[in-house]
Amino acid sequence: MGLPVLPALKRQSNSGHWRIVTIILGLESSCDDTAAAIVREVSGRREILSSVVYGQTSLHADFGGVVPEIAARAHAEKMDLCVEEALAVAGLGLGEIDAIAVTSGPGLIGGVLSGVMCAKGIAAATGKPVIGVNHLAGHALTPRLTDGLRFPYLMLLVSGGHCQFLIVEAADRFTRLGGTIDDAPGEAFDKTAKLLGLPQPGGPAVEAEAASGDPKRFAFPRPLLDRPGCDMSFSGLKTALLRARDAVVAEKGGLTEQDRRDLCAGFQAAIADVLAEKSRRAIEEYGLLNASDPAFAVAGGVAANKAIRERLEELSAGHGIKFIAPPLSLCTDNAAMIAWAGIEKVNAGAIDPKDLVARPRWPLDARSPALLGSGKKGAKA
Ligand code: KG4
Ligand code: ZN
């Protein structure tokens, strides 16, 4: 059976003028957040009517990472509640939605499947069409939802599961300039926190310690800076940190508060240096396109780090391009970005029923070789 086609998205306003209105319910369940949201576009104006996120951090806390089976079960249990809440907050019924957009990859396959099955269930009950969305496209298109960025813009996705530079050329066209070949930076922050006895998620805890530490006391490596291009590597940093920690413990019998702060500061400075230098190269490559309204956008949990954000902001200013960091709630995993990516696909006429197949890997840029790193948050593309 074929999928229902999208209805004509034209409605009449009270004043008698025709307006194009698109209202999409988005679903996200590719990692450890169950999310539903409703986004509306009225003649080019974008509005998030609701965005509900149920986190799973406490369910995985005892295991030192996301357990795929636990995540999938929790998504299946929570998704319908999440949808009900998103509809209630938006004050809409399912009948008023034009389509359902759902993350169909990349991610932990059990979670992706629960989202896709839920979307198909709603479609079967309501006759509404379903649009399969690439989770990374959701992140990459968010700056258009929040700031109306124009194509082509440069994007750095940097979180616990992703790290890549993309040139976003259209809703369905991305060029990857480089990415991590092993861990994502958020993962490195989380592992560092664990090694130093700090709480999870590690990023905010390490950043707080680093604020009063000496970044120069420990000499941590800046991996892959000696190689051309925008690929990155962060797994060696964690080993370097472990060695530095053990050397201090062997010498003094333990870590003082100041030792911990200095280790955090040194580690954070190394990550910031690598991201800044690789961003500089990405901006130069992007500059060759002579975009009419050039911009560099970041998304992902690590973009919350003030020290890193400031470095990237300075770098952009130095190159005379706009720097955009969407609000954190839209930088981390959420369903508003999936609903928005659905609207972008509708507008671009880029709806393909094959996109609804749930998949663990789904590179945005099929022309670039696969990035094989796969961390605690599952497969990266
Ligand atoms: O985007 P996100 O919520 O989830 C995915 O990974 O998809 O990112 C979470 C990651 C965690 O690894 C967390 O430690 C990191 O973002 N993070 C930070 C900061 N806040 C969150 N890393 C560095 N500094 C921060 N302030
Ligand atoms: Zn994500």
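Is Phe 267 buried or exposed? In this predicted model, Phe 267 has 0% relative accessibility, so it counts as buried. Its aromatic partner is Phe 189. The two ring centres lie 5.1 Å apart, with 90° between the planes, and the pair is edge-to-face. Phe 189 belongs to helix α5 (residues 185-195) and Phe 267 to helix α8 (residues 257-287), so the contact ties together parts that are 78 residues apart in sequence. Phe 189 is also buried, at a relative accessible area of 1%.

The count of aromatic pairs comes to 4. One of them joins Phe 151 and Tyr 153. Here the ring planes meet at 5° and the centres are 6.1 Å apart, so this pair is stacked. Tyr 153 is buried, at 0% relative accessibility. Phe 151 reaches 26% and is partly exposed. Another ring contact involves a charged residue. Arg 359 sits over the face of Trp 362, 4.0 Å from the ring centre.

The zinc ion (ligand 2) is held by four protein donors: His 135 (NE2), His 139 (NE2), His 162 (NE2) and Asp 333 (OD). These lie 2.1 to 2.5 Å from the ion. Angles among the 4 donor atoms run from 87 to 165°, and the site is irregular. Along the sequence, the donor residues follow the spacing H-x3-H-x22-H-x170-D. His 135 lies in helix α4 (residues 135-147), while His 162 lies in the loop between β7 (153-158) and β8 (163-170), so this pair ties together parts that are 27 residues apart in sequence. Both His 135 and His 162 are buried.

Key: Residues are numbered from 1 along each chain as its sequence is written. Chains are lettered from A and ligands numbered from 1 in the order in which they are written. This is a predicted model: local features need pLDDT of at least 70, side-chain atom pairs count only at pLDDT 80 or more; totals for chains, interfaces and linings use all residues. Side-chain values use heavy atoms; hydrogens and water are left out. Donors are N, O and S atoms within 2.8 Å of the metal (3.2 Å for Na, K and Ca); water is not among the atoms, so sites may look incomplete. Four donors count as tetrahedral if all angles lie between 85 and 135 degrees; four count as square planar and six as octahedral if opposite donors are over 155 degrees apart and all others between 65 and 115; anything else is irregular. Helices (H or I, at least four residues) and strands (E, at least two) are DSSP runs, numbered from the N terminus. Buried means under 20% relative accessible area, exposed over 50%, partly exposed in between (1.4 Å probe, protein chains only). Rings of Phe, Tyr and Trp (its six-membered ring) pair if their centres lie within 6.5 Å; planes under 30 degrees apart count as stacked, over 60 as edge-to-face and the rest as tilted. A charge sits over a ring if NZ of Lys or CZ of Arg is within 6 Å of the ring centre and within 35 degrees of the ring normal.
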